[in-house]
Amino acid sequence: METQKSRGKYWIYFTIWLAIIIFMLATPQYRQFFWLALPGVCTYFALGMDIM
C-alpha cells in the first residue's frame with residue numbers, strides 16, 4: 001500500500017516564495033533580483049503538486 005506524504009509544508013514554502021517574488025516585481029529597485037526568487041517558486045510548486 002502506498003503511503004500518503006504530506007505536501008503542506010511545500011505549499012507554505014511556495015506561498016512564501018510567491019510573496020517574495022511579488023514584492024520584488026512591485027518594487028523597482030529589486031526588480032533586477034526577480035531571477036533569484038524564481039527557482040524557489042518553481043521548485044516548491046512542483047513539490048507541492050508532487051511532480052518531482
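Analyst: **A ring pair and its helix**

Trp-11 and Phe-14 are three residues apart in helix H1, so about one helical turn separates them (helices are DSSP runs of H or I with at least four residues, numbered from the N terminus). The model is predicted, so local features need pLDDT of at least 70 and side-chain atom pairs pLDDT 80 or more, while totals for chains, interfaces and linings use all residues. Residues are numbered from 1 along each chain as its sequence is written, and side-chain values use heavy atoms, without hydrogens and water.

The structure holds seven aromatic pairs (ring centres within 6.5 Å, using the six-membered ring of Trp). Trp-11 and Phe-14 form one of them, 5.7 Å centre to centre with 90° between the planes, which is edge-to-face (over 60 degrees). Trp-11 is partly exposed at 30% relative accessible area, while Phe-14 is buried at 15% (buried is under 20%, exposed over 50%, partly exposed in between, with a 1.4 Å probe and protein chains only). Ring pairs also link Tyr-10, Tyr-13 and Tyr-44 into a cluster.

H1 spans residues 8–26, and its axis comes within 8 Å of that of H2, residues 34–48, crossing at roughly 155°. H1 is therefore roughly antiparallel to H2 (over 145 degrees). Trp-11 and Phe-14 are among the H1 residues that make the contact, as are Tyr-10 and Tyr-13, while the H2 side includes Phe-34, Val-41 and Tyr-44 (heavy atoms within 4.5 Å). By class, the contact of H1 with H2 has 18 nonpolar, two polar and no charged residues.

Conventions
Axes fitted to C-alpha atoms, helices over the stretch in contact; angles between N-to-C directions. Helix = DSSP H or I, 4+ residues; strand = E, 2+ residues; numbered from the N terminus. Parallel < 35°, antiparallel > 145°, perpendicular 65-115°, else oblique. Nonpolar A, V, L, I, M, F, W, Y, C, P; charged D, E, K, R; others polar. Phe/Tyr/Trp six-rings, centres within 6.5 Å; stacked < 30°, edge-to-face > 60°.
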